[in-house]
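Hi,

Here's the structure I promised to pass on.

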Amino acid sequence: MLKGRDTEDSSLGTSNSQEKQTLPIMQRPIPPEIPWVTTTNFHSLPTPAPSPQLFPPVNAEGFPPSAQEEFSRTVRMGFQNMDNLQRQRLLAELLNSCNTEQLVFVSNYISPRLKRDFLKDLPIELSLHILSFINDPKTLSRASSVSKFWRSLLNDEFTWKNLCVRHHFRRRSSAAPKLPPSPTSESPSRINKFSYKDHFRRRYIVESNWKHGGRTLVTHISPDTGVVTSLQMCQSYIVVGMDNKKIHIFDVSDGKYIKTLSGHEGGVWALQYMDEVLVSGGCDREVRVWDIITAKCKHVLHGHTSTVRSLKMKDKTIAVSGSRDATLRVWNIEEGLLLHLLAGHQASVRCMEIYGDIVVSGSYDCSARVWDIVTGECLHVLQGHYSQIYSIAFDGEKIVTGSLDSTARVWSRQTGFCLGVLQGHTSLVGQLQLHESILVTGGSDGAIRIWDLDTNRCVQHIAAHDNSVTCLQFDEKRIVSGGNDGHVKLWDIETGDFIREMTSAGNAIWRLAFQETKAVVLLQREGKTVMEVLDFDAQES
């Protein structure tokens, strides 16, 4: 029994051993007891997660790190786990161990990382406020190149408006001309939008031209001899009165000659133009009213018995004339009628100024008088000078008179009291201009003085010419003066510094006038009467 069992088992063992040798390794047949398991279902089963294994670290190239890289990693992780004080101590020790070359490397490496745009970190309002302290436009131009953000800040109108105010670049109607829209242009609202940046740029170029450049737009040489007695420069015309009976009119934009008004029988010694109406007076004792467009004389006003030496217009309907006959006359120039005869002076009426309904006259009788144009009443007699009055200025409140006694006096229009005596000139004070609290005087001593009328103190004394100052004009930036020495000079009104000569010298300077971008000079050169029109407008490069 046992033997037979052993034989059977042995045969079975042999058979199984042969089977195992013919089966592929690792192949496990699907048990038949589970008929619903298919190949598709088998592959759809989720793959079990692999058992966690420890992998050695690798560097960027996929290889195990070197000992140096491992050390750097350890140091970096240790540094990150330190507090601030520990980090500073470690950095100090490392830097103390570096040589010069290594320190230069550290410096170059960290310098860009320490740079910060402080304007970008601040609120916009504060950044603009900081930029408003920059007074030099060239500095602003360089600052705009720092970054796009700085450029955007410097394109803000607030910055350029402040700069315009600081440089006294006041906005004028001519500064931003309104152009008609073209068919392909943008909307009118965008075309007509005023830009302080553009305004500043234009005015800055104009100021630079005044100081360093400019050009002679036109030069007129009179074919006949004659002394220039009067000049007015307005928005449209340059009007010149001559002692040879003529009045010449030129275009202010290009300086070209337009026409001559003839009719006076003697030299023209006074004129004024307003709203296409020109009024003139002269040695023929007449006052003439002209239509400047048609060049026709509308009225000839008679009454004075001597030369009409001074003349002012209140508006296009009322004018006042002063004569060597010691009287003033108030005229309705629209209808050609005499309204008032103002009598009281004892000698020639040499000068006058009008403000509103008040006219102030200065006379060779050493006094000035304040008159009401409407009623013809003399309101005040201003006495104090002990020689003839040659010049007068009036701003509605303060009256300033210049005299041969070498002083200028300041008066109150309301009370007629003398507010101050301005001493310093050594000869005739023949030129005056008043604006707000600033008075500029020119004398026959060749000097120009700038006065602060709040204190009646001379703030600048300029030795301007070698002979009499024959004409002057100032604005908030400059003084232009002409003298009998034949020179026209430009001065800085704040410092009194000489800037430059405006034109080549002549024999004598008779009259001058200027606006923002133009200047007119009338002089005698080589025995001839010459008019030069100078242009300082912004020229596009």
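This is a predicted model: local features need pLDDT of at least 70, side-chain atom pairs count only at pLDDT 80 or more; totals for chains, interfaces and linings use all residues.

Let's start with the helices. H10 (residues 157-166) and H12 (residues 196-212) have axes that come within 8 Å, crossing at roughly 35°. The crossing of H10 past H12 is left-handed. On the H10 side, the contact uses Glu157, Trp160, Lys161, Leu163 and Cys164, while H12 brings in Tyr196, Lys197, His199 and Phe200. Sorted by type, the residues of this contact are five nonpolar, three charged and one polar.

H12 also leads us to a sheet: the helix lies across E27, E28 and E29, at about 70° to E29. That sheet is open, with four strands in the order E26-E27-E28-E29 and antiparallel pairing. Its edge strands are E26 (469-474) and E29 (498-501), each of which pairs on one side only. Ignoring direction, neighbouring strands here are turned by 20° against each other on average. Inside the sheet, E27 (residues 478-483) and E28 (residues 488-492) run antiparallel and are joined by five bridges, and Gly482 sits opposite Val488 in E28.

Then there's another open sheet of four strands, antiparallel again, ordered E1-E32-E31-E30. E1 (215-221) and E30 (508-514) are at the edges with a single partner strand each, so one side of each has no neighbour in the sheet. The twist from one strand to the next averages 15°. E30 is joined to E31 (residues 518-525) by six bridges in an antiparallel run, and Ala513 has Val520 in E31 as its bridge partner.

Cheers

Methods: Residues are numbered from 1 along each chain as its sequence is written. Side-chain values use heavy atoms; hydrogens and water are left out. Axes are lines fitted to C-alpha atoms, for helices over the stretch in contact, and angles run from 0 to 180 degrees between N-to-C directions. Helices (H or I, at least four residues) and strands (E, at least two) are DSSP runs, numbered from the N terminus. A crossing is left-handed if the near helix is turned anticlockwise from the far one by less than a right angle, and right-handed if clockwise. Contact means heavy atoms within 4.5 Å. Ala, Val, Leu, Ile, Met, Phe, Trp, Tyr, Cys and Pro count as nonpolar, Asp, Glu, Lys and Arg as charged, and the others, Gly among them, as polar. Two strands pair if DSSP finds at least two bridges between them.
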